[in-house]
Amino acid sequence: MRARRPRPATPDAGPEARPARPRDPQEERDALLAYAFRALGQRALSAAELRGRLERRSENPDLIEEVLRRVQELGYQNDAQVARSEGARRGVGTMRVRQTLKRRGVQDDLIQEVVEARDPDREHAEVLTLLERRWSSLARKRDPQASAFAFLARRGYTWNVIWPALREFMAGRPVEEPGDEPDWPEED
């Protein structure tokens, strides 16, 4: 077995290490643009999210704005597209969509447009599907309806979507007799 030569403790401590050459403005722009493309290739980012990531890479605000403008011109970054894709997510309610878009830095008028475009009938159907899928675990709770409401509210559905769907769902369930209640352990 061949012995390895020990590495220096710090990267620039070795004899072959050279001091880093400062980048010229074009190289810095190209590097920042390449980073923006890599970041957008991983996930659709809002302009505010991308600006935040670029600010961690460069201290030049003019360069950041230029790179941001360039990726928008090329169609790689579009807040309207980010908002529409978030608005089309299944399994989350209007409130969650609104909060997520606000947190991601999307403009208020675009958020309002996306929220108003959501179909209330689709949300109602989603709530019914979630109730059907999760009812077996919710039914074991002390107050299944309250647990279902809390679960759906955490998903971002509003009360005016939850209550009608919960009433409809419970109307289709068999009525429990007083003796069918679960045996809860006695509290000490």
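## Handedness and the two helix pairs

A crossing of two helices is called right-handed if the near helix is turned clockwise from the far one by less than a right angle, and left-handed if it is turned anticlockwise. In this predicted model, the crossing of helix α7 with helix α9 is right-handed, and α5 likewise passes α6 in a right-handed crossing.

## The annotated region, residues 81–114

The unreviewed UniProt entry places the feature "domain: RecX second three-helical" at residues 81–114. Over this stretch the chain is 71% helix and 0% strand, with the C-alpha atoms at its ends 10 Å apart.

## Helices α5 and α6

Helix α5 covers residues 94–103 and helix α6 covers residues 108–117, and their axes come within 10 Å and cross at roughly 160°. Because angles over 145 degrees count as roughly antiparallel, α5 and α6 are roughly antiparallel to each other. On the α5 side the contact is made by Thr94, Val97, Arg98, Leu101 and Lys102, and on the α6 side by Asp108, Ile111, Gln112, Val114 and Val115. By class, the residues of this contact divide into five nonpolar, two polar and three charged.

## Helices α7 and α9

The axes of helix α7 (residues 120–138) and helix α9 (residues 159–171) come within 9 Å and cross at roughly 50°, an angle that makes α7 oblique to α9. Helix α7 contributes Glu123, His124, Val127, Leu128, Leu131, Glu132 and Trp135 to the contact, while α9 contributes Val161, Pro164, Ala165, Leu166, Glu168, Phe169 and Met170. The contact of α7 with α9 comprises 10 nonpolar residues, one polar residue and three charged residues.

Notes. Residues are numbered from 1 along each chain as its sequence is written. This is a predicted model: local features need pLDDT of at least 70, side-chain atom pairs count only at pLDDT 80 or more; totals for chains, interfaces and linings use all residues. Side-chain values use heavy atoms; hydrogens and water are left out. UniProt positions are given in the numbering used here, feature names are shortened, and annotations may be inferred rather than shown by experiment. Helices (H or I, at least four residues) and strands (E, at least two) are DSSP runs, numbered from the N terminus. Axes are lines fitted to C-alpha atoms, for helices over the stretch in contact, and angles run from 0 to 180 degrees between N-to-C directions. Angles under 35 degrees count as roughly parallel, over 145 as roughly antiparallel, 65 to 115 as roughly perpendicular and the rest as oblique. Contact means heavy atoms within 4.5 Å. Ala, Val, Leu, Ile, Met, Phe, Trp, Tyr, Cys and Pro count as nonpolar, Asp, Glu, Lys and Arg as charged, and the others, Gly among them, as polar.
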